[in-house]
Amino acid sequence: MTIVLHELRRNRIAWIVWTAIIAGMLAVCILIFPQMKDQMAQMNDMMAQMGSLADAYSMDRLNLGNLLDYFGIECGQMLGLGGALFAAITGIQSLAKEEKEHTAEFLLTHPISRTKVVAQKLIALMIQVIVLNLCVWGATGLTTILIGERMDFGTFAVLMLAYLLLQVEVAAVTFGISAFLKRNGMGIGLGLAIVFYFLDLIANMVDQAKFLKYFTPFSYVNGADIIESGCMTVKYVIPGLVLIALGIFGAFWKYTRKDIS
């Protein structure tokens, strides 16, 4: 597990910064809820009449005076997009950086197969994503206790699991792309995460574009859908699981056959 530990040490600063920012933003978002609770409840009718904008964020289906509904709309956007960006950046750099930084020739001269290199880098990537989410969950739980509010734990757990799956999907897809790159593809990773986000917004606003939900992981982290049903939308989760499998398979297939510069 030497490569796993090396990757975790190598990325620790970026991981700490992203975790602190996302957890801090969610904590602040929850801490201000008591001051905004009455005002948000009064804004429900107004927000429901905002047309396409309300449809994009499902603001017409939730009660913003309730902490779980408020979290699903306001705080969830931070965790979803922020976590996706972190997963994209980390995933797209995982394999490509060995050639970019000219460390591949050193790494691959050691008595370790390319399959093990890919496997250990994938493990390190998933550990970073999972631990980031655990820290965010802890910060969310602590701030919820501090403000004296309660949430339906079961629905909240499903919501947080959906965000974790979103990040795992983005990480797996960008990890697979990383195997095909010879240089740092940060722009590709960030662009892909943002495209996923906007595909979901478009699908929410335009009925004719609903099919786009099958191509973006943000489709199954819709706060309104999860809060109303208590579960993720399976028809959108299945394509996500397929993309995860394809991303991981692509990484192993390409990197074990790749002509390393």
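## An aromatic cluster

In this predicted model, ring pairs join Tyr 197, Phe 198 and Phe 218 into a cluster. By the rule used for ring pairs, the count comes to 6 aromatic pairs.

## Two edge-to-face pairs

A pair of aromatic rings is described by how far apart the centres are and by the angle of the planes. For Phe 71 and Phe 156, the ring centres are 5.5 Å apart and the planes stand at 65 degrees. Planes over 60 degrees apart count as edge-to-face, so the pair of Phe 71 and Phe 156 is edge-to-face. Phe 71 belongs to helix 6 (residues 67–93) and Phe 156 to helix 10 (residues 153–178), so this pair ties together parts that are 85 residues apart in sequence. Phe 71 has a relative accessible area of 0% and is buried. Phe 156 is also buried, at 10%.

Tyr 197 and Phe 218, both members of the cluster, form another edge-to-face pair, with 5.3 Å from centre to centre and 80 degrees between the planes. Tyr 197 lies in helix 11 (residues 186–205), while Phe 218 lies in the loop between helix 11 and helix 12 (223–229). The pair thus links distant parts of the chain, 21 residues apart. Burial under 20% relative accessible area is the cut-off, so Tyr 197 is buried at 12% and Phe 218 is buried at 5%.

## Helix 2 against helix 9

Two packed helices are described by the angle and the distance between their axes. The axes of helix 2 (residues 12–31) and helix 9 (residues 114–146) come within 9 Å, crossing at roughly 25 degrees. Angles under 35 degrees count as roughly parallel, so helix 2 is roughly parallel to helix 9. Their crossing is right-handed.

On the side of helix 2, the residues making the contact include Trp 15, Trp 18, Ile 22, Leu 26 and Ile 30. On the side of helix 9, they include Gln 128, Val 131, Leu 132, Cys 135 and Thr 144. The residues of this contact divide into 13 nonpolar, 5 polar and no charged.

## Gln 120 in helix 9

Helix 9 also holds Gln 120. Gln 120 is buried, with a relative accessible area of 12%.

Which residues are in contact with Gln 120, leaving aside its neighbours within four places in sequence? They are Met 1, Thr 2, Ile 3, Val 4 and Ile 112.

Notes:
Residues numbered from 1 in each chain as written. Predicted model: local features only at pLDDT ≥ 70, side-chain atom pairs only at ≥ 80, totals over all residues. Heavy atoms only, no water. Axes fitted to C-alpha atoms, helices over the stretch in contact; angles between N-to-C directions. Helix = DSSP H or I, 4+ residues; strand = E, 2+ residues; numbered from the N terminus. Parallel < 35°, antiparallel > 145°, perpendicular 65-115°, else oblique. Left-handed = near helix turned anticlockwise from the far one by under 90°. Contact = heavy atoms within 4.5 Å. Nonpolar A, V, L, I, M, F, W, Y, C, P; charged D, E, K, R; others polar. Phe/Tyr/Trp six-rings, centres within 6.5 Å; stacked < 30°, edge-to-face > 60°. Buried < 20%, exposed > 50% of the residue type's maximum accessible area, 1.4 Å probe, protein only.
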